[in-house]
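Please keep the structure open as you read.

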Amino acid sequence: MGNGYARAVEDAVKGTGPGSAWDRRNIGPSLRRFFGLYFNGDIWACYRRYKNIDEEGTGWISYEELAEIVMLPEFNLLFIFDAFSQQNALIDSRELLVMICMFSSAKLMEKCKLMMTLFDASHSGTLTAHEVSHFANLSLTVLSRCTGVTFKPKELQAALQDEFADLLPEYQAAAERLGDDHTFKEERIVGQNEMDHILQSIMDLYEGLPLGQDPPEGAVPPPVPDWNHAAAVATATPTSAKPLGRRLTEAELAHLAVMGGLADEEADAEKAKQEMLRQQQEKEQKRKAAEAAKAAIKPAKAWMLIHGISYNIIARDMARFRHTFIHGVAQALSLPNGCVEILDIAAGSVQIEFLVHQAGRKGDQRTAEELLMVLAEQLRNMKSILRRGIFATYASSAELLAGPNRDAAAPPLALGSGKIQCDQGVQFLNPRAILDEILLRLKVEQEKADEAESKRNKVLLDLKRKEEQVQALKDLKDRKEREDALRQAEETRDADMKQFGEELRQLEELRKQQR
């Protein structure tokens, strides 16, 4: 993020030891205890659960919705709601998800990948520098809630805008061409590779914070993979629970974090402690089962090879192509765009390496492998959503491979030769489809031929220029040799004349003596 962001973080969190604002307020240590055992899969599960709840896209979360997204005991939910709710009514959804990311134990790159999804308004996998500054501001807002130190978002944004050119050469080139303000607000330059490069500038600072260290002792384990089920939520979090009608004091927040909840005046504190101990033991016993179940919801890796188009064509507007692919595949599989993740796009002709994540929504229990099977079926069917939707232009000549790596990748469906390519079984019976396929391939080959001809002409032009330069050098050499010969002839003639004059003088003297 650069020195500006690093200075702002250091000002917000000046220390984490005993007596510091971080320690006194006890919000940061408590959140680290709540989410310290959350890893990459767990934070994405929270994101997908939120997307299922906020169907209208309001961007705000009530207390009841918080209980469905984060499965924690009631007193912990009250603690979070009191720390992050605005006017004790609603929580900003992005601030909540950024907070869960920050206080989890996922890798820094993994945390930023989810944050990029939150702030990517184009759903193309790339951000503008302005969107990067938004989530940098929000991460500092979360840290400020933990320490009580305020910061100025506009000053941070100005500092980031000044430093982007030094961090990314692509940004500097675009700024020189289009202007700094336009590039900062409009140009989608920051992809995953650029973000990884930016994060290197704050890695040392991050590893020095509690957020970048091992989970604290007594951290709450994450829920089991099916924790978004309504019955599980109802069992773990009573729906009748309501937030307090006032904000808690710092003393009450500390009491919640240490003692574990708001006990009613008539409740038995010892029973509450025993109940907490029992719940922790049950969660500990389910940990191995949860880890085994998580393996079932790992994403599936696949490669889509598009033979009917040149890489140079899509490279002209890579952001648009990424958006088209993600939206087209997600639409075909009835998934949110966030469940389709592009890892890399390479030449030859066009090779897209991507992940498909399980949706995890109610009523959709398809595994990632089953989703790839559905995608393969869609490639075979000319009337499918994939073949007729936004990705239709590319899908007609696409081939799908799946596996842990490129060398071991194989077609998800074993039909004929084992390749899902060009809808061969259907197109064989459809002359129009065959003609369209041939015309498309001819167009691609013609473009390749035109490009090769252009390169050939350029080489010939360069060769002609070099030949002209060689001829000019030869002419210069011949002229120099002629000039040297003339000069040598003149010198010889001068020497002969001088000798002849000397001989005449001697003869004249001899004649005088004879007289």
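## About the model

This is a predicted model, in which local features need pLDDT of at least 70, side-chain atom pairs count only at pLDDT 80 or more, and totals for chains, interfaces and linings use all residues. Residues are numbered from 1 along each chain as its sequence is written, and side-chain values use heavy atoms, with hydrogens and water left out.

## Nonpolar cores

A nonpolar core here is a set of buried Ala, Val, Leu, Ile, Met, Phe, Trp, Tyr and Cys residues joined through side-chain atoms within 4.5 Å; buried means under 20% relative accessible area (1.4 Å probe, protein chains only). The largest core has 78 residues, and those with the most contacts inside it are Leu31, Phe35, Leu66, Ile80, Met99, Phe103 and Phe164. Its largest share, nine residues, comes from helix α9 (residues 129–147); helices are DSSP runs of H or I, at least four residues, numbered from the N terminus.

A second, separate core of 36 residues includes Phe325, Phe354, Val356 and Leu400.

## Helices α1 and α9

Helix α1 (residues 3–12) packs against α9 at an angle of about 15 degrees, with the axes 9 Å apart. That makes the two roughly parallel (angles under 35 degrees). In α1, Tyr5, Ala8, Val9 and Ala12 meet Ala136, Ser139, Leu140, Leu143, Ser144 and Thr147 of α9, where contact means heavy atoms within 4.5 Å.

## A buried serine

Ser93 belongs to helix α7 (residues 93–103) and is buried, with a relative accessible area of 1%. Not counting residues up to four places away in sequence, Ser93 touches Tyr50, Gly59, Trp60 and Ile61.

Key: Buried means under 20% relative accessible area, exposed over 50%, partly exposed in between (1.4 Å probe, protein chains only). Axes are lines fitted to C-alpha atoms, for helices over the stretch in contact, and angles run from 0 to 180 degrees between N-to-C directions. Angles under 35 degrees count as roughly parallel, over 145 as roughly antiparallel, 65 to 115 as roughly perpendicular and the rest as oblique.
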